[in-house]
Amino acid sequence: GLSVLLRVKSELRRHQKTRSTIPKIFQDVVRRHPDKVALICATTDERWTFRRLDRYSNAVGNFFYQQGFRSGDVVAIFMESRPEFVGLWLGMAKVGIEAALINFNLRSDSLVYCVTASEAKGVVFGGEVAAAISEVDERLGKNMAKFCCGDYDAAAVPADTRHLDPLLDVASNLPPAQIPAKGLDGNSSWDLLFHGAPRGTQPSHFGLPSRRKEYYRIAAFGYYAYKMLPEDILYSCLPLYHSAGNIMGVGQCLIHGLTVVVRKKFSASRFWDDCRKYHCTIIQYIGEICRYLLNQPVRESESQHRVRLAVGNGLRPTIWEEFTKRFRIKQIGEFYGATECNCSIANLDGKVGACGFNSRILPNVYPIRLVKVNEDTMELIRDSRGLCIPCRPGEAGLLVGQINQQDPLRRFDGYVNQSATTKKMANNVFRKGDQAYLSGDVLVMDELGYMYFKDRSGDTFRWRGENVSTTEVEGTLSHILNQTDVAVYGVEVPGVEGKAGMAAITDPMAKVNPNVLHQALQKVLPPYARPVFLRLLPQVDTTGTFKIKKTRLQREGFDPHQTSDRLFFLDIKLGKYIPLDECLYERICSGKAAL
């Protein structure tokens, strides 16, 4: 592990000295093998060579520069995963334009919030989401430039939309004129590549800026930690608006020259067929994908592939060995980290269930810690000196990383929203006067130094591969219900990845109609953010500062044996909430009810 950290730091230092940028590093890859396949779209079987990706991205940069966009301007990208997605943000980066990568599941208020919060001056959207853009067109502002990429139907898009594809066909595909640039060490707007995907439904800290050094650090970390090779072919069905797909996945293409196969949306039934067809040697996963694959009937292709490495996060210990044995995967590359995170860790030796390792013998080489927090409030617990209290082996604690702005592996550059940045930092953590990044995640370390993911703390939980913001869902529900007190939290469902959303709603007069509520939620929340369970109760308990107490609610979950409150379950086949009794509870827990 130490050798990987030193290698990544060394490579970063080298690129900083030569003032390299991601587009420049990509240019070197193009020069080495212009005719090698860079990207394959499994949905259409279309193959893009490095030369084609380079020329397309040149055309993008030249076109948007000619349209008056300049370094530091933001253009939103709202479309499903395909090679054009990569070419768009890469081309914008070549002239210093930042791309705001928008989750293509968002609709209505959430979509408007993310586009406007990014301060985008234009939006490029795929034809497949034209209806979503048309619905919010007036709320995006009169000055928002709109471009449609892919299938174009003039009747289905806002009147002032321009079809981007023919415009790029006539734009120059020569390298854009030289723009004054900072390298991987820069902090100017040029240093920003794109604003990352939302970490919630309407995240207050949308606009997570992915800087060039962070992009390089994450991609290089995966490459060297898991001994990837330029000859490898990586299969990624993760969305490209998210850092896992766009950096850990596509980053291997742009920086190290791997061929990467992308698919518009994940398909469990086509997963191994794709891997066999395209001779993939590496796959990307999130825990939910692994479970979906295990739930598929046995098929011939699952044992006739060349995959040697599965890299990702969230693989549950309970299915880890079953997954590796059934699908004949030699190595699991489980890791923990986020784009802005300065405390990334990785499981390099396949320790079942571990998301990473940090030396207990030499802890200061990579100064990260698990520190004690209040279980109810997630506030840091401090000792008599005012410092945080380290956890002992076996104790759950918040993962934090000491900040050093001079060290490329330990710096923290924050979010577009300054208040969100402040919330992710704490002072006097390891020693007086220091600063640390607060990951927001609870982990446990064993006696040897292996770390295990326990829970996502605070105001988010993970469901269907997405981060759900409890505060935003609470706000949406409360607004629909005329400012009723609402508590939203994640609950564990046996055998299911992540946590299902549950909302406890104050309803002393039994006036709430769950299905009227569901109809309203369909218009304002993406499917993964809609509560799977409802609990209607006389009142919700609050602290002295009026914060809703969720610990007891989470502990009782959706078990009708634990409460006499009215419980409801969102039946996706019926498309409505139905009463949750003991019989239905048993069906859900045994995996017989579809979630």
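Me: What is the pLDDT like over residues 197-207?
Reply: This is a predicted model, and over residues 197-207 the pLDDT stays under 50. For that stretch the model has 58 contacts beyond four places in sequence.

Me: And what does the protein chain average?
Reply: The average pLDDT of the protein chain is 90, and 92% of the residues score at least 70. Over residues 186-190, however, the pLDDT is below 50. That stretch has 21 contacts in the model beyond near neighbours in sequence.

Me: How many bridges join strand 27 to strand 28?
Reply: There are four bridges between strand 27 (residues 566-571) and strand 28, and the two strands run antiparallel. Asp 571 stands opposite Lys 576, which belongs to strand 28. In general, strands of a sheet pair through backbone hydrogen bonds, either parallel or antiparallel.

Me: What else packs against helix 15?
Reply: The buried residues of helix 5 do, and they also pack against strand 3 (74-78) and helix 6 (130-136).

Me: Which residues of helix 5 are buried?
Reply: In helix 5 (residues 108-117), the buried residues are Ser 108, Ser 110, Leu 111, Val 112, Cys 114 and Val 115. As background, an α-helix has 3.6 residues a turn, so residues three or four places apart point the same way. After helix 5 comes Glu 119, which has a positive phi near 60 degrees.

Me: Let us change topic. How many residues of strand 18 are buried?
Reply: Six of the seven residues of strand 18 (residues 396-402) are buried, so the strand is mostly covered.

Me: What does it pair with?
Reply: Strand 18 pairs with strand 17 (residues 368-371) in the antiparallel sense over four bridges. Here Val 371 has Leu 398 in strand 18 as its bridge partner. Strand 18 is also joined to strand 20 by six bridges, again antiparallel. Ala 396 stands opposite Val 444 in strand 20.

Me: Asp 441 is in strand 20 too. Is Asp 441 buried or exposed, and why?
Reply: Asp 441, in strand 20 (residues 435-445), counts as buried because its relative accessibility is 2%, and the cut-off for buried is under 20%. The side chain of Asp 441 makes a polar contact of 2.7 Å with the side chain of Tyr 336.

Me: Last one: where does Ala 354 lie?
Reply: Ala 354 lies in the loop between strand 15 (345-346) and strand 16 (356-357). With a relative accessible area of 0%, Ala 354 is buried. Leaving aside neighbours within four places in sequence, its contacts include Trp 320, Glu 334 and Tyr 450.

Me: How far apart are Ala 354 and Val 444?
Reply: They are 90 residues apart in sequence, and 9.5 Å apart in space from C-alpha to C-alpha.

Conventions
Residues are numbered from 1 along each chain as its sequence is written. This is a predicted model: local features need pLDDT of at least 70, side-chain atom pairs count only at pLDDT 80 or more; totals for chains, interfaces and linings use all residues. Side-chain values use heavy atoms; hydrogens and water are left out. Two strands pair if DSSP finds at least two bridges between them. Buried means under 20% relative accessible area, exposed over 50%, partly exposed in between (1.4 Å probe, protein chains only). A polar contact is a pair of N or O atoms within 3.5 Å; within protein, one must be able to donate a hydrogen and the other to accept it, and residues adjacent in sequence count only if both atoms are side-chain atoms. pLDDT is the predictor's confidence in each residue, from 0 to 100. Contact means heavy atoms within 4.5 Å.
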